[in-house]
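This report goes through a predicted protein model.

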Amino acid sequence: MTARRRGTRPSSRWTRRPAGCAGGARPRMLTSCPPVVTDGTVCLLSGDALTVLDADTGDTRWTATTPVGLGRGESSMTAADGTAYVGTNDDRLYAYDLATGRLRWQDEPEHRRSDTDFTRISLAATGTTVYRASRTGVHALGAVPSA
C-alpha cells in the first residue's frame, strides 16, 4: 500500500469570475466546452460569447459574440496556430483571429438546409488543420483562408 502524502495545495495564479459577481454573489461560469490553452491564451466559449484571456494574467484580451446555431444543443470550440474555431450545432464553422478577435472566415456547409436538425459538433485543431466531427462524418479542413 502506498501512503498518501498530505501537503499544501498549489496557490492560484489568478481567478476569473463571471460578470455579475458583485456583492459576494457566486454565479457559476457556464462554459459550453472545456477551455483551450494555446499561444499564451485561454479560450472560453460560454453560450454565445467567445472570450480569450491572457494565460499569464487572466486579463481579457477580447470577447466576440458568436452565432448560436439552432439555439439548442451545444456548440464546440478549439484553437491552434493563431485561430480560434467555433462550431455551431447546425454544422457551421467560424474562425476568429486569436490576436484580435476579428472573424476571419465562416463556412456554410453545402448540405445545410433551413429545416436542418441540430447536430453535435466536436472540434480539434493542430497547426493549420481543424478537424470537425458531426453527423456527416469527420472532416479535416486545411488552412483557414485569409480575410
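Is Asp56 buried or exposed? Asp56 counts as exposed, because its relative accessibility is 56%; exposed means over 50% relative accessible area, buried under 20% and partly exposed in between, with a 1.4 Å probe and protein chains only.

**Basis of the values**

Residues are numbered from 1 along each chain as its sequence is written.

**Overall make-up**

The protein chain has zero helices and eleven strands. Helices (H or I, at least four residues) and strands (E, at least two) are DSSP runs numbered from the N terminus. Of the 147 residues in the protein chain, 37% are buried. Among contacts between residues at least 6 apart in sequence, 40% join residues at least 24 apart; a contact means heavy atoms within 4.5 Å.

**Sheet and hairpin**

Four strands form an open sheet in the order S5-S6-S7-S8, with antiparallel pairing. Strand S5 (76-80) and strand S8 (103-107) are at the edges with a single partner strand each, so one side of each has no neighbour in the sheet. Neighbouring strands of this sheet are turned by 15° against each other on average, direction ignored; the axes are lines fitted to C-alpha atoms, for helices over the stretch in contact, and angles run from 0 to 180 degrees between N-to-C directions. S5 and strand S6 (residues 83-87) pair over five bridges, and Ser76 stands opposite Gly87 in S6. Two strands count as paired if DSSP finds at least two bridges between them.

S9 and strand S10 (residues 129-134) also pair in the antiparallel sense, over five bridges. Thr126 has Thr129 in S10 as its bridge partner. The hairpin of S9 and S10 has two residues between the strands, and Gly127 there takes a positive phi near 55°. Ala125 is placed in strand S9 (residues 122-126). Its C-alpha lies 5.8 Å from that of Ala80, at a sequence separation of 45 residues. Beyond four places in sequence, Ala125 touches Thr78, Ala79, Ala80, Tyr85 and Val130.

**Salt bridges**

The structure holds three salt bridges, each being a side-chain nitrogen of Lys or Arg within 4 Å of a carboxyl oxygen of Asp or Glu. Asp56 pairs with Arg13, with the closest N and O atoms 3.4 Å apart. Asp56 is in the loop between strand S3 (49-54) and strand S4 (60-65) and Arg13 in the segment before strand S1 (36-38), so the pair ties together parts 43 residues apart in sequence. Arg13 counts as exposed at 63% relative accessibility.

Asp54 and Arg61 form a salt bridge at 2.9 Å between the closest N and O atoms. Asp54 is buried at 18%, whereas Arg61 is partly exposed at 40%. Arg132 and Asp107 meet at 3.0 Å, N to O. Arg132 lies in strand S10 and Asp107 in strand S8, so this pair joins parts 25 residues apart in sequence. Arg132 counts as buried at 6% relative accessibility, and Asp107 counts as buried at 10%.

**A buried aspartate without a salt bridge**

Asp97 is in strand S7 (residues 93-97). Asp97 is buried yet has no salt bridge, and the nearest side chain of opposite charge, Arg104, is 4.6 Å away. Lys and Arg count as positive and Asp and Glu as negative, with His and the chain ends not counted. Leaving aside neighbours within four places in sequence, Asp97 is in contact with Trp62, Gly82, Arg102 and Arg104.

Technical notes
Predicted model: local features only at pLDDT ≥ 70, side-chain atom pairs only at ≥ 80, totals over all residues. Heavy atoms only, no water.
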